[in-house]
Amino acid sequence: SLRSPAIYTSAWAWIRAHAPEILLYLVVRLLGVCVLAVMAHRVNVTGLLGKWDGAWYIGIAQHGYNTSLSYRADGSLVNTNVVFFPLYPLLIRVLGWPLGLLHAALAVSWLAGIGAAVAIRAVGEYLYDRRTGIVLAVLWGILPTALVESMAYTESLLTLLMALALLFLLRHQWIAAGVASFFAGLTHPTGLTIAAAIDVCAAVAIVRRTGSWRVWIGGLLAPLGAVGYLAWVGAELGRWDGWSFMQRQGWHNSPSASGTWHEVHLILTKPVQLGYYVALAVVLLAILSAAFLTWGRTRGPLAVLVFTWLSIAAALSSGSTYFHSKARFLLPVFTLLLPLAAPLARQRLRTIATLLGSGALASAWYGGYLLTVWTRSP
C-alpha cells in the first residue's frame with residue numbers, strides 16, 4: 001500500500017502538539033483584521049493589507065527588478081525597487097498564478113506567520129518550557145505593530161526564518177542553521193544579524209574545538225544569501241556599493257546617529273502623532289529587555305544575545321527618515337519578549353488569559369489606527 005499509517009500518525013501528533021500556539025496565534029491575528037475592518041468602514045481591507053511596501057513587492061513579483069540608474073531634472077536619483085530583497089516576491093510569484101498576486105502575498109505572510117509562531121514556541125520551549133514557548137508565540141502576535149504580520153510585508157517570513165535559524169543554532173544543527181540564515185538573508189538585509197550570531201558561535205566552537213566540519217559549512221552558508229544579493233545589485237548598478245547607494249541617494253535612508261537623536265529630541269519636546277511615541281517606547285523597552293537578557297538573573301545563551309543586540313543595532317541604524325517604523329523593524333526580534341514571557345507563563349491561566357487578551361485588543365486597535373488614521377508606512 002502507498003499509504004503509511006505511521007506518516008498520518010506522526011502528522012496528527014505534530015498537529016496536536018502545536019495546535020495551542022497555532023490556534024491562539026490565528027485568534028489574535030484574526031481579531032486584528034476584524035478590528036481593522038470595523039475601523040476602515042467601507043474601505044477594502046484586502047487593499048489596505050497590500051499597501052506601502054506590499055505594493056513594491058507585488059510590483060517586483062509582476063515585473064521584476066528595475067536595475068537602472070536614472071535621475072530627475074533636479075539631479076536627484078530616482079528610487080527603484082532593488083532595495084527590496086528577492087525571496088518574498090519570488091514566493092508571491094510562485095503562488096500568484098492560482099491566487100492572484102495580492103492574495104498570494106497575503107497568503108505567504110499568513111502561512112509564514114503560522115510557521116513563525118510554531119518556531120518561536122519551539123525556541124521558548126527549548127530555553128524554558130512548553131508553556132513559556134506558547135506564551136512567547138502569542139506575545140509576538142500581539143505586539144503593537146503585529147498587524148504587519150498579516151500584511152504584504154516580509155516580517156512574518158523573516159521572523160520564521162530567523163526563529164528556525166536560532167533554534168537550529170541552539171541545538172547545534174549547524175548546516176540547518178546556515179540554510180535557514182541563507183534564506184533569511186534573501187528576505188531582508190537584517191537577515192545578516194542571525195548570520196552574525198551563527199558565525200560568532202561557530203568561531204567559539206572552532207576555537208574550543210567542540211564542533212565538526214559542519215560548523216564550517218553552517219558558518220559559511222549563513223551570510224551568503226544577503227551577501228549574494230548585495231553583490232548582484234552592485235554588479236547590476238555598476239557600483240560595488242549599489243544597494244547602499246540606492247538606499248542613501250534614492251530612498252534618502254542612511255544610518256545617522258545625529259538624525260536619530262534629532263527625531264528622539266523632537267518626540268520628547270514637541271507634540272507629535274501617536275505612532276512616533278509608540279516607536280520610541282518600543283525602542284526603549286527593547287534596549288531594557290536586551291539588558292535584562294544580558295545581565296539579569298537568567299542570562300540568555302550567546303546565540304540569543306548576539307542576535308538580539310545586533311538586531312537592535314540594525315533597527316536603530318536604519319536611518320532617521322523611517323524612525324516611525326522602528327517598532328516594525330524590531331518585530332522579528334522575538335527574543336526581546338523572553339524576559340516577559342518566562343514570568344508570565346508562571347502565572348495562573350486566568351491571569352495569562354486576561355493579560356494576553358487585553359494586549360490583543362490594544363494591538364488590534366493600534367493596527368487599525370496604523371492603516372486608517374496614521375498616514376505613513378507602519
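A residue is called buried when its relative accessible area is under 20%, exposed when it is over 50%, and partly exposed in between (1.4 Å probe, protein chains only). By that rule Asp-241 is buried, because its relative accessibility is 13%. The structure is a predicted model, in which local features need pLDDT of at least 70 and side-chain atom pairs count only at pLDDT 80 or more, while totals for chains, interfaces and linings use all residues. Residues are numbered from 1 along each chain as its sequence is written, and side-chain values use heavy atoms, with hydrogens and water left out.

Salt bridges come next. With a salt bridge taken as a side-chain nitrogen of Lys or Arg within 4 Å of a carboxyl oxygen of Asp or Glu, the count is five. Asp-241 takes part in a salt bridge with Arg-239, with closest N and O atoms 2.9 Å apart, and in a salt bridge with Arg-248 at 3.8 Å, N to O. Arg-239 counts as partly exposed because its relative accessible area is 31%; Arg-248 is likewise partly exposed, at 32%.

Another salt bridge joins Arg-121 to Glu-21, where the closest N and O atoms lie 2.7 Å apart. This pair links distant parts of the chain, 100 residues apart: Arg-121 sits in helix H5 (residues 101–127) and Glu-21 in helix H1 (residues 5–40). Helices here are DSSP runs (H or I) of at least four residues, numbered from the N terminus. Both Arg-121 and Glu-21 are buried, and a network of salt bridges connects Glu-21, Arg-121 and Glu-125.

Notes
Helices (H or I, at least four residues) and strands (E, at least two) are DSSP runs, numbered from the N terminus.
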